[in-house]
Amino acid sequence: MTFLKRLAVHSLAALALAAGFACAATAAPQAEYPTKPVRIIAPFPAGSGPDANARELAAELTKILGQSFFVENRPGASNIIGTEAAARAPADGYSLYIGTTSSLSVVPHLYNKLPFNAERDFAPISLLGVLNTGLIAHPGVQASDARGLIAQFKARPDFASVATQGIGSYSHLSAVWFNNVAGVKANLIPYNSNSPYTDLLAGQIQLMFDGLPAAASNAQAGKLKLLAITGKERHPSFPNVPTFAEQGLPDYAPIAWQGVLAPAGTPSAVLEKLSAAMRKVCQSPELAKKWRDYGGELRCNTPAEFAAFINADRAMWGKVIREAGVKLD
């Protein structure tokens with residue numbers, strides 16, 4: 001073999017070997033993922049109900065994937081601060097995001113300009129769970145269900161007021177939606193800084209729409225009462241509380257949810273590994289019981305199913321917000 005032929009053969013072999021090393025270097029981080037701690041950006045305050053769910057999730061993922069998962073709280077500005085931080089995070093699988101009804105379904109319809117695009121900037125991984133919404137009343141309210149309450153409002157619109165957690169909040173939009181489908185004009189009182197539950201428990205305000213976790217313990221203790229809850233069927237933790245659908249309001253269906261997403265562009269192998277881990281999370285009987293006890297349901301799904309879920313939920317809230325004419329900028 002001539003010198004030139006030997007040189008060509010050695011060169012081709014070197015190139016093949018280099019290409020092999022390059023492929024191995026590319027594949028290794030995905031195959032070994034995660035090799036370092038993973039942060040979960042949460043757009044809500046530490047110590048809140050959603051934060052507790054996020055920290056329980058982080059603990060489960062740590063056990064399943066053998067690497068530390070931790071929550072980084074970035075609250076403020078209607079979840080916008082944390083959502084922007086997540087959208088701009090590196091798409092390497094080491095920055096995840098807890099999305100919510102508010103951050104990805106509601107906020108995009110309330111503001112004309114946002115520092116992120118809810119549809120394009122995130123890669124869905126899995127739903128974590130859903131929380132039914134309750135029509136919560138002070139025990140002094142005479143009505144025992146939503147149908148009776150609607151009759152009272154139609155007879156005397158000013159007989160009671162509804163607390164909300166500020167204009168554009170989940171509780172406010174749920175109340176606006178109820179007014180529209182029930183054909184009533186309940187007076188809505190926004191609480192922008194203080195929790196309305198203090199006044200609700202004291203009877204200074206009579207009604208509120210909210211996710212069940214915030215009211216579950218007081219309802220079970222008889223300090224508040226539930227007149228109706230969302231859901232296709234009665235919830236196992238509140239079997240005596242009828243659904244809105246049972247009471248003639250089948251189109252009233254607000255639910256709060258939490259789910260896990262990553263910045264758009266995160267490698268598909270990482271997304272699939274996290275999705276598989278989330279399905280294991282939802283097999284935890286202890287976690288399922290916690291969600292069930294306060295009126296929710298632990299529920300995981302595939303990235304495609306979660307994407308379809310968010311799109312449908314965002315469209316539903318968009319219709320409610322447009323009909324209500326609510327804008328925050």
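Author: The buried residues of α4 pack against α3 (80-87), β3 (95-100), β4 (122-137), α6, β9 (255-263) and α11. Contact here means heavy atoms within 4.5 Å, and buried means under 20% relative accessible area, with exposed over 50% and partly exposed in between (1.4 Å probe, protein chains only). The labels come from DSSP runs numbered from the N terminus: helices are H or I runs of at least four residues, strands are E runs of at least two.

A quick word on the source: this is a predicted model, where local features need pLDDT of at least 70 and side-chain atom pairs count only at pLDDT 80 or more, while totals for chains, interfaces and linings use all residues. Residues are numbered from 1 along each chain as its sequence is written, and side-chain values use heavy atoms, with hydrogens and water left out.

Back to the helix. α4 covers residues 101-110, and seven of its 10 residues are buried, so α4 is largely enclosed by the rest of the structure. Those buried residues are Thr-101, Ser-103, Leu-104, Ser-105, Val-106, Val-107 and Leu-110.

α6 takes in residues 170-182 and α11 residues 303-324; their axes sit 10 Å apart, at an angle of about 70 degrees. That makes α6 roughly perpendicular to α11. The axes are lines fitted to C-alpha atoms, for helices over the stretch in contact, and angles run from 0 to 180 degrees between N-to-C directions; 65 to 115 degrees counts as roughly perpendicular, under 35 as roughly parallel, over 145 as roughly antiparallel and the rest as oblique.

Who touches whom? On the α6 side you'll find Tyr-170, Leu-173, Ser-174, Val-176 and Trp-177, meeting Met-316, Trp-317, Val-320, Ile-321 and Ala-324 of α11. By class, that contact has nine nonpolar residues, one polar and no charged ones. (Nonpolar covers Ala, Val, Leu, Ile, Met, Phe, Trp, Tyr, Cys and Pro; charged covers Asp, Glu, Lys and Arg; the others, Gly among them, are polar.)

Lys-319 and Glu-323 are four residues apart in α11, so about one helical turn separates them. Lys-319 is partly exposed at 46% relative accessibility, and Glu-323 is exposed at 53%.
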